[in-house]
Each structure stands twice: as C-alpha cells, then as structure tokens.
Amino acid sequence: MNRAVTAALRDEVLRANQAIPRAGLATLTWGNVSGIDRDAGLYVIKPSGVSYDDLEDGHVVDGYLRPSVDSETHRRLYLAFGGVGGITHTHSPAAVAFAQAKRDIPVLGTTHADSFNGPIRCTRDLTEAECATDYEYNTGQVIVELFGPDGDDATEVPAALAANHGPFVWGDSAGESLKNAIICEAVAAMAIQTLALNPVAGAPPYLLERHYRRKHGPDAYYGNPQAGQPVEGAQR
C-alpha cells in the first residue's frame, strides 16, 4: 500500500469533513464525507459520532475509532459507481425536507442545471426486511437502483435522496462531493421557495441542457484554463 497516497487521501477527507458545518450542512455530527483510493483498495470516512472539531487526531481513519454508521452505504455506492472518488452524506434541512416528503428535487432553473443534468431523485422506501438486516448497505442499494444496472447517469446527476433520510452526494473526489452537496442543498432550498410561489414552475428542457453542457462534457466552455481556472467539463 502506498502510504503517501493514503495520507493524502486521509488529509483530503479530514478537510472535507471539517468543512461540513462551516458550509451549514450539518447539525451536531449529522454528516460524513469519505474518499476512496481505488488502487490501494481502501476508503476513509469520518468516525461515528465524533465532533467535526475533534478530527485533527491522525488516528481517526487508522482503525482506532468505529467508522461512521453510514460506512456501508458509502461502500455500496463505491462498488456500483466506478468513477466516484468521494461521497458526502448530510442531513441538510432543505434536501432532507424533500427526502421526508419522498419527492424528487425538480429542475426548476439553470442554477440546478449547471450541476445536475436532471432531477435529484428520491429512493423507494426500504422494506422491513431490508431495515432489519444490512440496513446501511441496503440504503446504498436502493440508491443504486435509481440509476439502473450500469449507473450510466450517476456522473451527470451525482446525488440522490434516501427516502425519509437525506441526501447522498458524490464526485470525483471527497472535496468535489462536498461541493456538490452544498449545491444540492442550495437548489433544494430554491425549489421549496419557487414551488411556494408557483406550484407549476418549470423551465424549457433545451435551456437546462444548454446550461449543463456548457460546464460538462467535451464541448464545455465555462471557465478560463489559461488563467488557472480550468473548464469544469474538462475535469469530468
């Protein structure tokens, strides 16, 4: 195992977890970020019930504390989505409101479309048997079900809502997953406000597609690489 790579991953995950409360995504310890080193065959994740202010201890990801109770959910998503490098789970209020209502977060405008090429979907309810055995793993499984057998659009819509629970959001890295989680919460809050003003709000599909494609994919043109600001699509 490459210890340097593992240390770098540990530090990235540490920084991302510490950023959760600063981003307003967590109350108490309600959230976690993980990152994976696929070459080393491991992922690291915040330990269970530990305050974000107490994460400076280097032993956190070295096996001295129990991992987050959501660790098996993260593992299921890593197994299903091969391009994912990091996962963030929070109980941020607006996204959780949609999860508890068992409603998708709809695409109502270009802010959503800039990052998610479609609605952020909500899973089905877990069965009683799925809750009784391997609950956390099955939470990941019902998310995987949303994306079909190949998980083709998991990179275009890098988020899902676990029904009655909350958002799981992913990205190329731990830091990228946290950024996507911040956006997920923001667009969920905007959707709640928009639907309160206009319950039938919507936007033309061609406009939404244009906004997504200008930031993602081979024809992306957002940003200034020559000024040290890489085109976002070039990273995907």
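## Ground rules

Two strands count as paired if DSSP finds at least two bridges between them. Helices (H or I, at least four residues) and strands (E, at least two) are DSSP runs, numbered from the N terminus. What you're looking at is a predicted model, in which local features need pLDDT of at least 70 and side-chain atom pairs count only at pLDDT 80 or more, while totals for chains, interfaces and linings use all residues. Residues are numbered from 1 along each chain as its sequence is written, and side-chain values use heavy atoms, with hydrogens and water left out.

## The chain at a glance

The protein chain has eight helices and five strands.

Of the chain's 236 residues, 46% count as buried, where buried means under 20% relative accessible area, exposed means over 50%, and partly exposed is in between (1.4 Å probe, protein chains only). The accessible surface comes to about 11700 Å², and carbon and sulfur atoms own 52% of that; such areas come from the Shrake-Rupley method with a 1.4 Å probe, and for residues only the protein chains shown count as cover. As for contacts (heavy atoms within 4.5 Å), take those in the chain with a separation of 6 or more: 63% of them are between residues 24 or more positions apart.

The five strands make an open, antiparallel sheet, in the order 2-1-3-5-4. Strand 2 (42-45) and strand 4 (159-162) each have a single partner strand, so they stand at the edges and one side of each lacks a neighbour in the sheet. From one strand to the next, the twist averages 20°. Angles here run from 0 to 180 degrees between N-to-C directions, with axes being lines fitted to C-alpha atoms (for helices, over the stretch in contact).

Now for some pairs. Strand 1 (residues 31-37) joins strand 3 (residues 86-90) in the antiparallel sense over five bridges, and Gly-31 sits opposite Thr-90 of strand 3. Strand 4 and strand 5 are antiparallel too, with four bridges, and Leu-161 has Pro-167 in strand 5 as its bridge partner. Strand 4 is covered on both faces: Ala-159 and Leu-161 are buried on one side, Ala-160 and Ala-162 on the other.

Asp-70 lies in the loop between strand 2 and helix 2. Is Asp-70 buried or exposed? Its relative accessibility is 11%, so Asp-70 counts as buried. The Asp-70 side chain makes a polar contact with the side chain of Asn-32, at 3.0 Å. (A polar contact is a pair of N or O atoms within 3.5 Å; within protein, one must be able to donate a hydrogen and the other to accept it, and residues adjacent in sequence count only if both atoms are side-chain atoms.) Setting aside neighbours within four places in sequence, Asp-70 is in contact with Asn-32, His-89, Glu-136, His-165 and Phe-168.

## Nonpolar cores

A nonpolar core is a set of buried Ala, Val, Leu, Ile, Met, Phe, Trp, Tyr and Cys residues joined through side-chain atoms within 4.5 Å. The largest one has 33 residues, and Ile-105, Phe-116, Ile-120, Leu-161 and Cys-184 touch the most other members. Two or more residues each come from helix 1 (3-22), strand 2, helix 3 (93-101), strand 4 and helix 7 (174-197). Helix 7 gives the largest share, nine residues.

Apart from this core lies another, of 15 residues, including Phe-81, Ile-143, Ala-160 and Phe-168.

Asn-164 lies in the loop between strand 4 and strand 5, a hairpin with three residues between the strands. Although not a glycine, Asn-164 has a positive phi of about 70°, and Asn-164 is partly exposed at 44% relative accessible area.

Asp-134, in the loop between helix 5 (128-132) and helix 6, isn't a glycine and has a positive phi of about 55°. Asp-134 is exposed, with a relative accessible area of 52%.
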